[in-house]
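Please open the model in your viewer and keep the sequence alongside, so that each selection can be followed in both. The tour moves from one selection to the next and says what is found at each stop.

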Amino acid sequence: MLARSTRLRLPRTQTAFRFRACLNETSSNGPRFRPATTATIPASSEDTSLIPFFDQPHRQRFRSVAASGLFSHKCLTEPRSVTFLAEGTLLRAKLLTERILHARESREELTLALKNLDKLSDLLCGVIDLAEVIRSSHPNTAWVESANDAYDMLCEFMNVLNTDVGLYEVLKRVFSDPTIVESLSPEAYYTALIFWRDFEKSAISLPENSRKKFVSLSSEIITLGRQFLNEAASARPPASITPSELNGLKDLGMGARLHLQAHFTNSPLAVYPGSLQAQMIMRSAPLEDPRRKLYTAASSSTPEQVDTLERLLQARAKLARLCGKESYAHLTLNDKMAKSPEHVHYFLDALLTHTRPYARNALFALSERKQKHLGLSTLPVIQAWDRDYYCPPEPPAPPIPLPPLTPGTVFMALSRLFKHLHGITLRPVDAAEGELWHSSVRKLEVVDEGAGVIGWIYADLFARRGKASGAAHYTVRCSRRTDDDDPGADYIPAEYMDKNVQLSLEFDREHRTPLRGLKGEYQLPVVVLLCEFMPPSATKGATSLHWYEVQTLFHEMGHAMHSMIGRTEYQNVSGTRCATDFVELPSILMEHFLSSPTVLNLFDPHSTSSVPRTGNNHLDPCHSIDTHTQILLACLDQKYHSPLASESDFDSTQIYAKLQETKGLIPFVPGTSWQTQFGHLYGYGATYYSYLFDRAIASRVWTNVFATDPLSRETGERFKNEVLKYGGGKDPWTMVSTLLNAPELESGDAEAMAAVGRWRIEDEISTRH
């Protein structure tokens, strides 16, 4: 496809938190940390300036320069400007498309075709991605409405381009000319292959009627996907809890108040799944009935919700069949590291084989606790509603004592970490008036010690009404080389030149600059981090983050640095524009750094010691149950996108129940249909395994490459030069095998997938606290 998704959200499992150990364990001393060999670089004044920059609630100042527009684009000063920009960009995109289509008439033009295809993609992505950020974060409805119009306008044209036979024929001519192919750099050739595969996935070789059917099915899938996501997030019906069922609540705060309310009214309480009261009951109610009622209510669906999901899955199956593929998984996985659903099964089966004994041991411990609680003579079965009661969820905690973890403190630590690893720092910048969409947003320059400023990060960290929930990384502008563009690509005949086209040209030329040490001129990347932390206040001061929020921030900054360092000549492969089952590797690896006391010393601006302080670390036996559950969800995703979805008697609930019966450890609960809340089935359709896959690789990279000396510049440069800098412009199997010195992985075949599945996910961020 000419435009590729740039929004990355942290996948979530069914549980709200990772779990701290609460059972008897054989080992409680935790790991022995070996002293790191790299001396800690003292915090600079620039590093420490990040603390007040983020933590002082009303600090935002504007530079004493002329007012700018959104994201420092002078043309984006009012809501309508986004629509005007889209209209001008659409006209330019149509003219550039015509130029590419005429490339077949001249060999000279044919040599420029790939660069022009990438520029066409950049034209569309630059505005589509901008509109996506505005839709998700801007508090002004006029801006949001204009962004919606721009988004729909350009996405509609993009869908037309994806089935344009003429563009496909031009690319085919490029590949059929040996001289042109030989002249392509490895990155250029890989980019051309990606374009080729994307066209192939869009039914490009089919008759016109079939291509029209492809576009129609694609639109239907988008509509059903939006409906599915809305229904997945909708409230489930309350459970009716009687006063007697609240007897013995262990919670002496909310539990005592709820118990008092129930006895005062002497009538059942309506408790909504997901509410604080429901969470408290699941953790604190000794009687099984209230927990069972709440679990059943939380996992319920209406027939209409089940129907929406099944129509979505069936539409995807039809799309795959139209393209000549056995299933949607076969269609989707062709250009991923996995390559096929069969290879995904090799990975998941190996991972299940490794994880199952640990999960069974954890369940055995829970069963012993339930037996003791109920006074039974035999071990009882652990049911789905028992988990939180016998292993109550607690927020994760750092392995050593730390100062208050304010956003400013965390960004200071991040800047110090990047300085050690890559010679890169984060520099606070006062924005120009009109550049930000909310007063709480902060702008950072990303500064490389050799190249200078290499990009910008806008941090929108705090929750507010109307803002998208959760944490996400958005690429607003991708990196690409611009000085070698086709000189004729921006030619606009006089009869087409108007204010909107001029606005688009000005927008396109901003954020370009030569970089020290690099040949040519580059378009610098711009990214946005969206989080929903508690806002600071003038009375209470800076926000103190929970440890899981610190983990989230490190995760999203892993994506951001991938965007900054992944400086490629082609935007279609820059930064995080890479395979779905590879993109989470840098971000998950960043979370591993939080397991190192050596790295955690960086949170203290006065610490220069690289000798780690030991903390109270212990294994979390319940974590293996979480991992086993996530593997089952990845298996479910594969089942739903297999040939089963094409069968006339396709039943998503029956498939889920059978999977639990054959591979699960906790019995399926009749009458439930939790799958309608599995929102990742839309955004991660047939690729939900990716997060587990990248967790396994990240664990191996951390253990084999970083763990011994996590602040080593040599190691950081190695990771940057062998992985990050390529973005999606190199085969990820080649990158991983080189980094790990594991040539047996380079082929990316079934055995390579199974090998990754056999790696232990030594996920220190989750299993040690």
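Are phenylalanine 678 and tyrosine 688 buried or exposed? Select the two residues in this predicted model: phenylalanine 678 is buried, and tyrosine 688 is buried as well.

Before going further, colour the chain by confidence. The average pLDDT of the chain is 88, and 90% of the residues score at least 70. Over residues 11-34, however, the pLDDT is below 50, although this stretch has 72 contacts in the model beyond near neighbours in sequence. Residues 763-769 also have a pLDDT below 50, with 32 contacts beyond near neighbours in sequence. Where pLDDT is low, the predicted coordinates should not be read in detail.

Next, display the aromatic side chains, among which the structure holds 23 aromatic pairs. Select tryptophan 437 and tyrosine 458, whose rings form a tilted pair, with 6.0 Å from centre to centre and 45° between the planes. Tryptophan 437 belongs to the loop between strand 4 (424-429) and strand 5 (442-448), whereas tyrosine 458 belongs to strand 6 (residues 452-462), so this pair ties together parts that are 21 residues apart in sequence. Tryptophan 437 is buried, at a relative accessible area of 6%, and tyrosine 458 is buried too, at 1%.

Return now to phenylalanine 678 and tyrosine 688, where the ring centres are 4.9 Å apart and the planes stand at 90°, so the pair is edge-to-face. This pair links distant parts of the chain, 10 residues apart: phenylalanine 678 lies in the loop between helix 24 (652-663) and helix 25 (680-683), and tyrosine 688 in the loop between helix 25 and helix 26 (689-706).

For a group of rings, select Tyr168, Phe175, Tyr189, Trp196 and Phe199 together, which ring pairs link into a cluster.

Two further selections place a charge over a ring. With lysine 115 and tyrosine 570 shown, the charged end of the lysine sits over the tyrosine ring, 4.9 Å from its centre. With arginine 442 and phenylalanine 53 shown, the charged end of the arginine sits over the phenylalanine ring, 5.8 Å from its centre.

Finally, switch to the cartoon view and select strand 7 (residues 472-477), which is mostly covered, with 6 of its 6 residues buried.

Terms used:
Residues numbered from 1 in each chain as written. Predicted model: local features only at pLDDT ≥ 70, side-chain atom pairs only at ≥ 80, totals over all residues. Heavy atoms only, no water. pLDDT = per-residue confidence, 0-100. Contact = heavy atoms within 4.5 Å. Phe/Tyr/Trp six-rings, centres within 6.5 Å; stacked < 30°, edge-to-face > 60°. Helix = DSSP H or I, 4+ residues; strand = E, 2+ residues; numbered from the N terminus. Buried < 20%, exposed > 50% of the residue type's maximum accessible area, 1.4 Å probe, protein only. Lys NZ or Arg CZ within 6 Å of the ring centre and 35° of its normal.
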